[in-house]
Amino acid sequence: MHALIQHEFGDPATVLAVEDVPTPTPGPGQVRVRMVLSTIHNHDLWTVSGNYGFKPQMPAQAGTEAVGVVEELGEGVTNLEVGQRVASAGTFGVWAEQFVADAAALIPVSDQIPDEVAAQLVSMPFSAISLLDSLDLAEGDWLIQNAANGAVGRLVAQLAKGRGINVVGLVRRADGIEELAAQGIERIVATDSDGWKDRVAQITGGAPVKVGVESVGGESAGDVLSLLAEDSTLVVFGAMASPVLNLSSGDVIFKQATVRGFWGKKVGENMAADTRTRLMQELFARLADGTITLPVEATFPLSEIADAARAHFTPGRAGKILLRP
């Protein structure tokens with residue numbers, strides 16, 4: 001079969017290439033899945049470049065989320081059937097014509113959910129709802145987030161609305177306001193405009209902002225912290241622009257602020273089963289009623305991974321980049 005393989009860490013547009021590899025055989029408790037569509041996430045490309053918390057042994061495959069069809073059952077698998085459509089997130093090596101996954105990690109997908117949605121159903125949506133659920137915010141509370149036009153930022157805004165939580169989103173350019181408005185996401189402020197912090201204060205009406213979600217790094221992290229209230233929390237979710245946080249010690253000290261990280265992988269691994277079920281049910285309900293949407297910008301074959309990687313990092317992208325066999 002064909003799979004994307006890398007032999008060294010580096011730029012995904014240059015180190016990933018399609019190669020012929022043996023078709024995998026599922027072990028006990030596993031299944032072999034024929035990939036239909038797979039989503040490109042930041043963490044996938046950071047893993048390829050060697051800049052993520054997980055570093056695979058070389059040579060390595062890539063990709064972590066996909067929708068596909070069960071082709072073969074391993075010993076002891078009774079909860080799935082051959083021919084069944086399933087979604088997987090956290091299964092490494094799905095950028096291939098076929099991949100092996102633990103049966104327990106696969107989610108059966110109903111016929112009502114399109115492949116384009118199922119391919120991105122778990123990783124970002126579940127990270128977003130897990131993040132939101134961890135913030136201990138009540139109806140009417142305020143949070144602020146940067147990278148508001150990113151996948152998680154869009155989902156947090158949509159899911160928070162369903163819970164009655166108020167969100168102010170920060171984007172780095174004015175065009176992002178219109179892009180998000182087209183998706184029904186409001187209360188967006190562009191940080192490239194004069195007086196943007198005053199605009200945030202106007203939106204909140206002076207209400208305390210209890211939580212900031214930081215996904216950019218550098219000076220942007222300090223900007224978010226500066227807008228938080230006393231006894232607030234800055235949650236570090238990502239580092240799109242810089243791995244360093246430039247925070248004012250005065251803001252941390254005098255606001256008695258807490259700074260903590262959020263890594264969806266670890267949170268998911270330690271999550272109680274009943275909590276996981278509750279959050280997945282909420283996700284499915286929000287998809288069904290249209291509260292959250294999962295747009296797609298473009299789809300590329302595996303052989304065009306270089307173009308796909310470049311498209312992923314194109315400014316103004318409104319939806320996910322997908323791969324197909």
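Arg 32 is found in strand S3 (residues 30-39), where helices (H or I, at least four residues) and strands (E, at least two) are DSSP runs numbered from the N terminus. The model is a predicted one, so local features need pLDDT of at least 70 and side-chain atom pairs count only at pLDDT 80 or more, while totals for chains, interfaces and linings use all residues. Residues are numbered from 1 along each chain as its sequence is written, and side-chain values use heavy atoms, with hydrogens and water left out.

With a relative accessible area of 13%, Arg 32 is buried; buried means under 20% relative accessible area, exposed over 50%, and partly exposed in between (1.4 Å probe, protein chains only). Leaving aside residues up to four places away in sequence, Arg 32 touches Thr 23, Pro 24, Pro 26, Val 69, Val 70, Glu 71, Glu 72, Gln 98, Phe 99 and Val 100, a contact being heavy atoms within 4.5 Å.

Strand S1 (residues 2-6) can be visited next. S1 is mostly covered, as 4 of its 5 residues are buried. Its pairing with strand S2 (residues 16-20) is antiparallel and runs over 5 bridges; two strands pair if DSSP finds at least two bridges between them. Within this pair, Ile 5 stands opposite Ala 17 in S2.

The buried residues of H2 are His 43, Asp 44, Leu 45, Thr 47 and Val 48. After H2 comes Gly 50, whose phi is positive, near 85°.

Attention now turns to an open sheet. Its 6 strands follow the order S10-S9-S8-S11-S12-S13, and the pairing is parallel. Strand S10 (188-190) and strand S13 (258-261) stand at the edges with a single partner strand each, so one side of each is left without a neighbour in the sheet. From one strand to the next, the twist averages 20°.

Inside the sheet, strand S8 (residues 142-145) pairs with strand S11 (residues 209-214) in the parallel sense over 4 bridges. Here Trp 142 has Val 209 of S11 as its bridge partner. S8 also pairs with S9 in the parallel sense, over 4 bridges, and in S9 the bridge partner of Gln 145 is Gly 169.

Strand S9 (residues 166-171) is largely enclosed by the rest of the structure, because 6 of its 6 residues are buried. Both faces of S9 are covered, with Asn 166, Val 168 and Leu 170 buried on one side and Val 167, Gly 169 and Val 171 buried on the other. Gly 261 and Leu 234 are 27 residues apart in sequence and 8.4 Å apart in space, C-alpha to C-alpha.

The axes of helix H4 (residues 123-134) and helix H5 (residues 151-163) come within 9 Å and cross at roughly 50°. That makes H4 oblique to H5. Axes are lines fitted to C-alpha atoms, for helices over the stretch in contact, and angles run from 0 to 180 degrees between N-to-C directions. Angles under 35 degrees count as roughly parallel, over 145 as roughly antiparallel, 65 to 115 as roughly perpendicular and the rest as oblique.

The crossing of H4 and H5 is right-handed; a crossing is left-handed if the near helix is turned anticlockwise from the far one by less than a right angle, and right-handed if clockwise. Residues making this contact include Met 124, Ala 128 and Leu 132 of H4 and Val 152, Leu 155 and Val 156 of H5. By class, the contact has 12 nonpolar, no polar and 2 charged residues. Ala, Val, Leu, Ile, Met, Phe, Trp, Tyr, Cys and Pro count as nonpolar, Asp, Glu, Lys and Arg as charged, and the others, Gly among them, as polar.

H5 also packs against helix H11 (residues 273-288), at an angle of about 95° and with the axes 11 Å apart. That makes H5 roughly perpendicular to H11. In this contact, Leu 159, Gly 162 and Arg 163 of H5 meet Arg 278, Leu 279, Glu 282, Leu 283 and Arg 286 of H11. The classes here are 3 nonpolar, 1 polar and 4 charged residues.
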